[in-house]
Amino acid sequence: MEVEAAKAIGAGLATLGMIGAGIGVGNIFGNFLAGALRNPSAAGSQIGNLFVGAALAEALGILAFVLGALIYFA
Amino acid sequence: MADPLHQFQVTPIEGLDFGQVTLPLVGTVHLAFTNSHLAMTIAFIVVVGFLTLVTSNAKVVPGRLQAAGETLFGMIDNLTESIIGHDGKKYFPFVFAVFTFILGMNLLGMFLSFTATSQLAVTATFAFITFGLVLIIGFAKNGLGFFKLFWPMGAPIVLRPVVGFIEFISFMLRPFTLMLRLFGNMLGGHVALKVFAGFVATAVIGVAGWLGVLIAPLSMGMTVALTALEFLVAFLQAFVFAVLTCIYLNDVVNLDHAH
């Protein structure tokens with residue numbers, strides 16, 4: 001296989017890590033919504049935690065994206 | 001057609017390129033005032049100008065402008081107070097400066113053609129300043145007791161070295177996740193925006209044939225929606241950076257009574 005083709009395939013495979021980030025972020029927001037509907041009065045104070053959790057999960061997806069970009073361009 | 005990554009190129013501004021310059025201690029460098037400098041300078045001027053504007057002519061009952069400034073101020077003040085606690089006031093200036101500067105650069109990236117925070121060098125600088133500050137405060141406040149951070153009292157004694165090692169690795173990874181999160185979000189968002197904008201252009205010039213009638217309005221709608229999302233992300237990432245800075249500072253400031 002040519003190196004260029006292998007690079008493109010590798011970069012594509014590396015971005016599959018984003019699946020996990022998608023599941024994680026979905027989980028966080030889904031559970032937040034479930035909790036917020038049960039106890040709406042407590043929901044407002046947890047918005048900060050919600051976004052921090054989402055950001056932490058999202059960072060791992062971004063790592064996969066950066067890895068893909070590194071493989072492809074470097 | 002320009003590729004979607006073209007917008008991230010750092011180029012010298014016409015007339016402000018000084019070429020190869022030999023500096024003392026540093027050596028020969030390519031010195032130029034680039035579009036990255038320009039974006040950061042504008043962000044700095046906007047942030048300082050805005051905060052000067054809202055605090056000049058301050059009244060006990062705030063007007064509209066002053067209320068906007070106070071909301072921004074109060075949000076970060078609340079954040080440091082609720083996360084770091086009693087000592088939070090001391091670290092408020094740093095967190096506020098970082099937050100407003102990143103927010104300024106993120107938001108200006110939506111209006112200008114260049115986003116300073118989509119450069120890894122810029123976000124890396126922010127991340128390592130934060131990390132360095134956490135280290136300095138940690139050692140200054142706790143001395144060698146700083147290493148208690150990697151000796152979790154809650155874990156069983158047999159597991160402590162293992163958990164401590166994992167804690168250490170995750171501690172050392174903090175600056176990298178901090179810089180990659182901001183960089184990746186801004187880069188990814190702007191690339192997606194330009195890709196969809198590119199679809200509109202491709203469909204309009206007729207490359208896609210009659211399908212362009214469908215593709216152009218759909219892509220245009222997507223571009224508008226993504227622009228709205230990007231404004232949210234621009235604010236959110238600045239906020240997340242501030243929150244994480246507070247959390248990392250809290251780790252070392254309240255080391256004694258946290259575990």
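User: Is the crossing where α2(B) passes α6(B) left-handed or right-handed?

Analyst: This is a predicted model, with pLDDT of at least 70 needed for local features and 80 or more for side-chain atom pairs, while totals for chains, interfaces and linings use all residues. Residues count from 1 along each chain as written, with chains lettered from A and ligands numbered from 1 in written order. Helices here are DSSP runs (H or I, at least four residues), numbered from the N terminus. With "right-handed" meaning the near helix is turned clockwise from the far one by less than a right angle, α2(B) passes α6(B) in a crossing that is right-handed.

User: At what angle do helix α2 and helix α6 of chain B pack?

Analyst: We're looking at residues 64-84 and 212-253 of chain B, with axes 9 Å apart. Axes are lines fitted to C-alpha atoms over the stretch in contact, and angles run from 0 to 180 degrees between N-to-C directions. The angle comes to about 35°.

User: How many residues of chain B are in contact with chain A?

Analyst: Contact means C-beta atoms, placed from the backbone, within 7 Å. Chain A puts in 9 residues, and the chain B count is 10.

User: What radius of gyration does chain A have?

Analyst: Chain A has 4 helices and 0 strands, and its C-alpha trace spans about 60 × 15 × 10 Å along the principal axes. A compact globule of 74 residues would sit near 11 Å (over C-alpha atoms, 2.2 Å times the number of residues to the power 0.38). Chain A instead has 17 Å.

Key: Contact = placed C-beta atoms within 7 Å. Helix = DSSP H or I, 4+ residues; strand = E, 2+ residues; numbered from the N terminus.
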